Amino acid sequence: MSSERPTEKELLKSVLEPLLEDFQYWFDRSRTLLESERLTFFSAKEQTELLNKIVRSKKEVSTAQILLKATNGEVGIDSNMLLPWHQLVVECWDLARKRRQTKGDRLSDS
């Protein structure tokens, strides 16, 4: 194992790229769910608002990914941008949890 420390560029690439990919994964999953099902634990307005927030954030993350690739990893992302995306991913996790619980409740009622 080399004792050399990674450069800032290497560190940025090894941490930021997978993080942005993870955001995209959860945004895609949640978007698909929100577009394909009417979720009873949300009002129609809440579901639409969450979907719109996910669509907007997905575009922002895509832009960040393009900039990162276009600059060959020379550009980072301000943590003030990452925090709302991370918070939205937490909402996506909660959405998945609530849906699993709702599906489980329906099965146990049968």
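The structure is a predicted model, in which local features need pLDDT of at least 70 and side-chain atom pairs count only at pLDDT 80 or more, whereas totals for chains, interfaces and linings use all residues. Residues are numbered from 1 along each chain as its sequence is written, and side-chain values use heavy atoms, with hydrogens and water left out. Thr-102 belongs to helix α3 (residues 79-109), where helices are DSSP runs of H or I with at least four residues, strands are runs of E with at least two, and both are numbered from the N terminus. When neighbours within four places in sequence are left aside, Thr-102 is in contact (heavy atoms within 4.5 Å) with Thr-40 and Phe-41.

Lys-98 also takes part in a salt bridge, its side chain meeting that of Asp-94 at 3.4 Å, N to O; a salt bridge is defined as a side-chain nitrogen of Lys or Arg within 4 Å of a carboxyl oxygen of Asp or Glu. Because Asp-94 and Lys-98 are four residues apart in helix α3, about one helical turn separates them. Salt bridges that share partners join Asp-94, Lys-98 and Arg-97 into one network. Asp-94 is partly exposed at 27% relative accessibility, as is Lys-98 at 26%, with buried meaning under 20% relative accessible area, exposed over 50%, and partly exposed in between (1.4 Å probe, protein chains only).

In total, the structure holds seven salt bridges. One of these joins the side chains of Lys-58 and Asp-28 at 2.8 Å, N to O, and this pair links distant parts of the chain, since Lys-58 lies in helix α2 (residues 44-70) and Asp-28 in helix α1, 30 residues apart. Lys-58 is buried, with a relative accessible area of 17%, whereas Asp-28 counts as partly exposed at 34% relative accessibility. A further salt bridge is formed by the side chains of Glu-37 and Arg-99 (2.6 Å, N to O). Glu-37 lies in the loop between α1 and α2 and Arg-99 in helix α3, so this pair ties together parts that are 62 residues apart in sequence. Glu-37 is partly exposed, with a relative accessible area of 23%, and Arg-99 is partly exposed, with a value of 27%.

The 29 residues of helix α1 should span 42 Å at 1.5 Å a residue, and its end C-alpha atoms, at 41 Å apart, agree with this; the expected span is 1.5 Å times one less than the number of residues. The buried residues of α1 include Leu-16, Leu-20, Phe-23, Trp-26, Phe-27 and Leu-34.

Five aromatic pairs were counted, under the rule that rings of Phe, Tyr and Trp (its six-membered ring) pair if their centres lie within 6.5 Å, with planes under 30 degrees apart taken as stacked, over 60 as edge-to-face and the rest as tilted. The pair of Phe-23 and Phe-27 is stacked, at 6.2 Å centre to centre and 15° between the planes. These two residues are four apart in helix α1 (residues 8-36), and therefore Phe-23 and Phe-27 are separated by about one helical turn. An α-helix has 3.6 residues a turn, so residues three or four places apart point the same way. Both Phe-23 and Phe-27 are buried. The ring centres of Tyr-25 and Trp-26 are 5.2 Å apart and their planes stand at 85°, so this pair is edge-to-face. Tyr-25 is partly exposed, with a relative accessible area of 43%, whereas Trp-26 is buried at 17%.

Ring pairs also link Phe-23, Phe-27 and Trp-85 into a cluster. These three residues, together with Leu-20 and Leu-34, touch the most other members among the 22 residues of the largest nonpolar core, a core being a set of buried Ala, Val, Leu, Ile, Met, Phe, Trp, Tyr and Cys residues joined through side-chain atoms within 4.5 Å. Helices α1, α2 and α3 each supply at least two residues of the largest core. Residues up to four places away in sequence not being counted, Trp-85 touches Leu-20, Phe-23, Phe-27, Ser-57, Glu-60, Val-61, Ala-64 and Ile-77.
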